[in-house]
Each structure stands twice: as C-alpha cells, then as structure tokens.
Amino acid sequence: MSIPGLTIIGESINDSVPSTHALFEAHDIDAIVDLAGMQAEGGAAYIDVNIGRRAPAFIAEVVRKIQEHIDIPLSIDTPDPEIAAAGLEAYDPQRAGNQKPILNSISEARLEMFDLTAKQPFIPILLTTESVDASGEGVMNKTAEETYATARTMVSIARERMGHIPNEELILDPGIMPIGTDAEGHFKRLMNTMKLIHADEDLKGTQMSVGLSNFTVMLPSKTADGMFVRSTLESAFLTMAMPLGLRTIIGSVKRKYRILDNDHPALICLQEVLQLEGTAALVRVMRYYS
Amino acid sequence: MQEIIEKIALGVEKGKISKASPYPPEMAGEDGAEEIAAEALRNGIAPDSLMTGCMLGMERIGKDFEEELVFIPNLVLAAEAMNAVMKHLKPFLDSGQVKQKGTFVIGTVAGDLHDIGKNLVAMVIRGSGYKIVDLGVDVSTEKFLEAIKEHPGCFIGMSALLTTTMENMEKSVKAIKEASPETKVLIGGAPVSESFRARCGADFYSPIAQQAVTFLNENLP
C-alpha cells in the first residue's frame with residue numbers, strides 16, 4: 001500500500017492501453033486475468049474493466065473469468081448501457097466479499113444507467129465535468145462553479161433513482177486534465193471544484209475520484225539525471241488533493257504514490273503553477289523536469 | 001533572406017514567443033518570433049519566407065518530440081511562437097499574397113474535452129502550410145457540417161481520446177459522409193484504430209501526426 005487511506009482502482013485493464021488492447025484483440029482472457037491478479041497483489045482495491053467498443057457478451061466473459069481467480073471487487077468502465085448491463089449482471093458480489101462493483105461512469109446525459117441498479121446494486125462514479133443544456137444537449141462545464149453545480153445535481157438524481165443511497169456509496173469525478181498542456185487553468189478549476197465539494201455539508205461523505213495518470217500524460221518519466229518526474233508530480237497532486245477529500249484514484253499499482261514533504265520541488269512546482277496563467281504555467285512545469 | 005528564415009525557424013523551434021517571454025532562459029532579452037516577424041516585414045522581406053521559417057522550425061521541434069528529446073510543453077510553446085508569426089502574416093494570407101495549400105478543419109468530438117492530440121495535429125498541419133480552422137473541443141456534428149459549408153473543399157480532422165466518445169466520432173463521420181461524400185475525413189486519438197476507421201467510414205487514420213500531412217498533400221482538391 002502506498003498511501004494509507006488512498007483507494008486505488010487498478011487502471012491496466014483498459015482498451016486504450018495498447019498492450020491490453022492487443023490482449024483483447026487476441027482474446028487472451030488468461031493474460032487479462034493475470035493482469036487483474038498482478039494489480040490485486042500490488043494493492044488495488046478495485047480492478048477497472050474497460051473493454052472499449054466490444055460486444056456486451058465479451059465483458060460478461062471477462063468479468064466471470066476474473067472473478068474465478070480474484071476476490072476483490074471490479075469497476076465496470078463504459079458509457080454504453082448495454083455493456084454496463086452485461087458487466088453488472090455477470091458480476092457476482094459473493095466472490096468479492098459481498099462488495100458492490102463500481103460503475104464508471106454516469107453523466108447527466110446518460111441518466112438511464114442508474115436504472116441498472118435493479119440488475120445489480122453498484123457504487124456509481126458520477127461525472128461532473130459535463131451537464132445538459134435546456135435542449136438536452138451535453139455541454140462541457142467551464143468553471144469550478146458549474147462543475148460543482150453538476151456534482152450537486154448528479155447526487156440529488158442518484159438519491160432519487162437509487163433509493164436513497166448513502167453519500168458514502170457515491171463517487172464524484174471532478175475531472176483531471178494533463179498539466180503538460182494546461183495553459184487554460186484546468187488544474188486551478190479542478191482544485192477549486194474539489195474545495196467546493198469538500199466544503200458542502202450536504203455532500204459530506206461522498207467520495208471523489210480522478211484518473212491520475214492522465215495528469216502527467218506525455219511528460220517524461222525521468223529527468224536526464226534519473227529523478228522521477230511523472231510519479232513525483234502525481235504524488236504532489238495527491239498531497240494537495242487528499243486534504244480536499246480525494247480518497248480514490250484510478251491509477252497504477254506500480255507507481256510509488258506518496259505524500260510529499262512541504263519543501264519537495266514537485267509540490268512547490270504545483271503550488272506555483274496554481275498562481276500562474278497561460279504559457280507561464282507550462283514553463284514552470286518544464287523548469288521542474290529540465 | 002536565408003538569415004530571416006533561420007531566425008524565424010529558431011524562434012519557433014525554441015518556443016521564444018516574444019522578447020518579453022522568459023523561455024528559454026538562454027534567450028532572455030533577445031527578440032522573439034513576434035519581433036523578428038514584425039521587423040522582417042517592415043524591411044520588405046517577402047512574407048512567404050516567414051512561412052518557410054515557421055515550417056522549418058515546426059519540423060525540427062516535431063522531430064525532437066518524436067525522438068523524446070523534448071516533451072509536450074515545448075510543442076505548445078513552439079506553436080505559440082508560430083502563432084505570433086502567423087498573426088503578422090494574416091493580412092497576406094487573407095489577401096491571397098501568401099498561399100496556403102488548403103483548409104483543415106479540426107475538432108475534438110462531442111462529449112470529449114481532450115485537446116492535446118487535436119492541438120498537436122493542428123500544429124503540425126498548420127506548420128506544413130495549411131490553414132487551420134480549429135473548432136475546439138466537444139464539437140457537435142452540426143458544427144462540423146456548418147464548417148464544411150463555410151470552407152468549401154476543406155478537410156475534416158476529428159480527435160477522440162476516450163473509448164466513451166468514439167461512438168460520437170462514428171456518428172459524426174457517418175453524418176458528414178452522408179451530407180458531403182467528397183469531404184475527406186481524418187480521425188485520430190488513443191483509442192482509434194485502423195479497424196475502427198474502416199467501420200465508421202473515415203478516409204484516414206494514423207497514430208503519427210506527420211503522416212496526416214502526407215495524406216493531405218496527396219489529396220488536395
């Protein structure tokens with residue numbers, strides 16, 4: 001376990017990971033099961049399962065085979081209601097110590113996915129980065145205030161549709177964006193969104209989750225002299241976000257996540273980035289790894 | 001002339017946007033792409049050569065990026081430096097004195113906020129002499145269709161980073177191909193593949209931005 005109190009949803013079984021995509025294409029279910037086992041041993045609390053755009057029957061097979069060997073719960077990761085239904089129906093809570101699966105994720109434009117709770121009770125990840133406008137079209141939220149408003153809306157809809165589910169069984173996804181191209185202040189918005197959610201009494205107990213690897217995508221793993229770049233920046237993010245209520249990430253069990261000391265250069269870097277705008281924020285990130 | 005082309009290329013490659021930009025530190029206080037372009041035009045240098053300088057600079061930084069000598073923030077800064085030059089070229093582009101090869105309309109599909117891939121492709125294609133119409137992120141099918149009407153003969157580029165939004169990409173590609181069969185549609189993004197391209201009916205897919213340029217050059221109207 002890397003950080004006490006941090007729940008890791010293992011990210012590796014995802015169609016957008018090229019090596020996993022190849023396993024899916026080859027229908028190599030044994031290797032997929034191994035990937036689940038490796039993540040469970042590495043400390044994942046859940047195993048994410050994202051099969052991309054394959055047939056619903058395929059996720060059912062993957063879920064059953066993983067559960068024959070692994071006793072931790074799964075996170076069914078798809079926007080497709082049919083794939084979600086097949087994955088949830090195939091899931092057997094008894095094989096996971098009676099724990100519910102996670103459904104990743106439901107947005108305001110896909111509310112019908114709440115009804116899948118009749119097939120299999122689940123813990124939903126609620127997307128807060130997009131909402132629907134008056135004409136029913138999905139729109140991306142632009143400010144922390146808009147994102148927070150969607151979080152509140154999604155929680156109240158979840159309570160209606162899922163029979164007064166407790167806050168502890170709701171996960172909000174405040175949306176994380178790559179820091180390496182962030183000249184538009186997405187990081188600032190994310191931190192402010194988390195602050196607003198964390199301070200809201202009505203949302204007390206809800207969890208928050210982000211896909212942490214996305215934060216450092218396309219940055220170098222290490223500097224020329226061997227200092228870790230991506231993992232320290234991710235750890236710096238956790239150091240800043242956990243006091244704001246972040247308890248869950250979709251991430252890698254191979255990364256050594258940790259809480260950094262106040263004077264760690266990665267932490268200082270992110271704190272300074274919050275004060276900068278436009279390309280100056282990018283230049284600050286570059287200075288960290290150059 | 002050659003000297004100006006090289007100066008512009010260096011400014012773009014290094015991401016030295018203007019004299020005031022703090023990056024790169026070793027060029028502090030020197031003129032940036034902004035000032036070099038303005039002065040060149042004042043001195044009667046042909047605007048075409050500024051364009052050539054941009055293309056050269058983008059080609060160099062693109063190569064360094066592919067070889068992992070530099071990373072994504074450098075590309076963003078290089079594009080900003082190129083944009084500073086292009087701003088000065090705008091009147092010549094508008095009047096037709098400087099010709100661009102064609103128009104490339106690009107956007108991230110509906111429901112998807114990711115813009116790294118889209119911006120990277122837009123940068124490379126812009127740096128290869130095309131006019132870029134960037135529709136941004138979360139672009140609806142209707143917006144793509146409007147852009148085709150507005151820019152006759154344009155190419156369409158679509159990006160999606162989520163397996164969740166590929167569905168929207170497929171819908172948009174199919175709608176465009178139905179409304180305007182002759183419009184060439186290029187798609188890309190981490191979850192996109194050649195088999196997906198074949199299924200949705202797009203004309204081109206590649207995981208490498210530079211290959212899109214080759215496709216465009218071969219398919220000019």
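A residue counts as buried when its relative accessible area is under 20%, and by this cut-off A:Phe24, with a relative accessible area of 3%, is buried in this predicted model.

A pair of aromatic rings is described by the distance of the centres and the angle of the planes. Over all chains the count comes to six aromatic pairs, and one of them joins A:Phe24 and A:Phe58 in an edge-to-face arrangement, with 5.5 Å from centre to centre and 80° between the planes. Since A:Phe24 belongs to helix H1 (residues 18-25) of chain A and A:Phe58 to helix H3 (residues 56-69) of chain A, the pair ties together parts that are 34 residues apart in sequence.

A second pair is formed by A:Phe187 and A:Phe237, whose ring centres lie 6.3 Å apart with the planes at 50°, so this pair is tilted. It links distant parts of the chain, with A:Phe187 in helix H6 (residues 186-199) of chain A and A:Phe237 in helix H7 (residues 230-241) of chain A, 50 residues apart.

Turning to the whole chain, chain A has nine helices and ten strands, and 56% of its 290 residues count as buried. Its radius of gyration is 19 Å, which agrees with the value near 19 Å that a compact globule of 290 residues would have. Among contacts in chain A between residues at least 6 apart in sequence, 67% join residues at least 24 apart.

Terms used:
Residues are numbered from 1 along each chain as its sequence is written. Chains are lettered from A and ligands numbered from 1 in the order in which they are written. This is a predicted model: local features need pLDDT of at least 70, side-chain atom pairs count only at pLDDT 80 or more; totals for chains, interfaces and linings use all residues. Side-chain values use heavy atoms; hydrogens and water are left out. Rings of Phe, Tyr and Trp (its six-membered ring) pair if their centres lie within 6.5 Å; planes under 30 degrees apart count as stacked, over 60 as edge-to-face and the rest as tilted. Helices (H or I, at least four residues) and strands (E, at least two) are DSSP runs, numbered from the N terminus. Buried means under 20% relative accessible area, exposed over 50%, partly exposed in between (1.4 Å probe, protein chains only). The radius of gyration is taken over C-alpha atoms; the globule rule is 2.2 Å times the number of residues to the power 0.38. Contact means heavy atoms within 4.5 Å.
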